[in-house]
Amino acid sequence: MVGPKPESPPSRFAPGFAAKLNLAVDVVLVVAALLISTTMMGHDLHLERTDVWVLLGVGVVSWLVVGTALCLYDVRFADRERLDDLALISIQVMVVTVVLFVTRLVMGTESWIVALSMFPPLLWPSVALLRLKLFRNLSVQEEPLDEVLILGVGAMGRLTGEDLNNKHRRKVIGFLSFSNESSTTAPPAPVLGTAKNLEHILCTVPVDEVYIAGNMLKHSAEMQAAVKLCENFGIPFALPAYHFRFDRARPVDDHAISDGYLHFMTHAFRPHQMALKRLFDIVSSAAALAVLSPLLIGVALGVKFTSRGPMFFKQKRVGLHGKTFHMLKFRSMVVNAEELKAKLEAHNEQTGPVFKMKNDPRITRIGRFIRKYSIDELPQLINVLRGEMSVVGPRPPIPSEVEKYAAWQRRRLSVRPGLTCIWQVSGRNQISFEEWMYLDMQYIDHWSLKNDINLILKTVPVVLTGSGAS
């Protein structure tokens with residue numbers, strides 16, 4: 001029933017490449033504009049002075065924070081109007097200039113140590129020109145950002161698939177047909193079944209969004225069932241914005257329905273907070289890897305010399321919207337731990353599809369210590385840096401566990417998995433699987449940056465004391 005995914009034409013760049021390159025170049029431009037502005041005003045560069053480096057650092061950090069808050073480097077930035085981009089760049093340059101000016105006043109540094117007079121006129125045109133002439137063009141050459149499923153093989157479904165493939169950089173992985181629906185023209189992706197197969201498809205194929213391209217008069221019951229199923233799974237879905245023909249009327253906001261659909265999510269949509277969350281993930285994981293590098297090297301050598309096998313354990317885990325990735329850990333068990341697991345199933349002390357055992361004989365001597373204080377989890381900072389995980393989020397499950405999930409439990413896959421969540425600070429292995437799932441739903445439904453910070457602060461004493469770990 002589920003056919004192979006269609007092969008997409010080769011692209012030059014990976015998704016998000018243009019945004020990342022744009023950010024890196026803009027950071028260099030900020031530093032260059034500050035230094036050139038100082039020399040153009042007739043002042044010498046005193047790079048040996050600490051306050052110069054502090055002001056350069058403030059310029060870079062403020063540019064990162066403001067740019068992230070404005071979603072200037074969102075992976076879909078090329079979908080914005082050019083004038084919108086110019087407006088955001090103008091706000092960004094103005095805010096960073098003010099921050100630098102206030103910082104210089106607070107520090108009591110001489111006004112000439114880093115001159116700001118020529119900073120905006122140097123920075124604004126260079127950032128704007130590169131964004132409009134280079135990075136927007138690079139962005140449209142990237143691979144598709146999302147994989148979508150279309151429910152409906154009629155004219156609307158087929159045209160939606162062609163539009164998404166050609167204009168919106170979204171990869172259509174397949175179609176499902178409504179009952180009594182036929183297509184005179186072959187859709188641009190394989191037909192994977194009917195609307196009745198939607199639950200099975202969502203359980204077996206990673207999907208970022210479901211387009212429900214049906215006719216309300218003919219398919220209302222099946223469309224409603226599809227909506228309910230997407231809500232249970234926590235998968236974003238889109239419904240047609242137009243059910244009538246218009247001659248002159250136009251929507252007030254074209255951007256909200258640029259592809260002709262209204263888009264829905266099962267949790268609050270906070271793009272600016274999510275962008276700041278990702279910035280925090282990148283900065284904190286990179287800083288932690290640098291600071292903890294002596295500990296990481298010591299543990300890696302300890303694992304290598306105290307038991308046979310590799311230093312790291314790579315395990316396939318399920319991430320956002322069912323996409324799999326390899327999660328990294330320091331190896332804390334014997335090499336054939338997965339083979340021995342089947343013999344120990346009778347001793348499982350955790351309810352549900354997960355396996356937890358307090359005195360697990362597979363754990364090595366050093367493994368018991370690093371597991372107690374969560375040191376074995378530290379290599380996952382690399383997963384966070386890659387974007388496969390976040391600092392805060394539901395723990396990533398293994399595929400065999402996900403196969404046993406009830407529909408409502410799969411909603412925990414609607415957000416990026418993390419190093420810590422409510423479960424980690426609520427007793428970990430001392431609570432049941434059912435309670436664990438409800439705690440993850442609580443996190444998803446009430447997510448905010450403030451709650452993430454609170455969870456991080458609560459995690460620190462739990463990790464230091466080894467509370468609830470086994």
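Tutor: Two strands are said to pair if DSSP finds at least two bridges between them, and helices (H or I, at least four residues) and strands (E, at least two) are DSSP runs numbered from the N terminus. The model is a predicted one, in which local features need pLDDT of at least 70 and side-chain atom pairs count only at pLDDT 80 or more, while totals for chains, interfaces and linings use all residues. Residues are numbered from 1 along each chain as its sequence is written, and side-chain values use heavy atoms, with hydrogens and water left out.

With those terms in hand, the sheet is an open one of six strands, whose order is E3-E2-E1-E4-E5-E6 and whose pairing is mixed. At its edges lie strand E3 (191-194) and strand E6 (261-264), each of which pairs on one side only. From one strand to the next the twist averages 25°, where axes are lines fitted to C-alpha atoms, for helices over the stretch in contact, and angles run from 0 to 180 degrees between N-to-C directions.

Elsewhere in the chain, helices pack on one another: helix H2 (residues 50-69) and helix H8 (residues 271-291) meet at an angle of about 145°, with their axes 8 Å apart. On the H2 side the contact is made by Leu 64, Val 65, Thr 68 and Ala 69, and on the H8 side by His 272, Ala 275, Leu 276 and Leu 279.

To place the sheet in the whole, the chain has 15 helices and ten strands, and its C-alpha atoms fill a box of roughly 75 × 75 × 40 Å, taken along the principal axes. Of its 470 residues, 46% count as buried, which is to say under 20% relative accessible area, with exposed being over 50% and partly exposed in between (1.4 Å probe, protein chains only).

Definitions and conventions:
Contact means heavy atoms within 4.5 Å.
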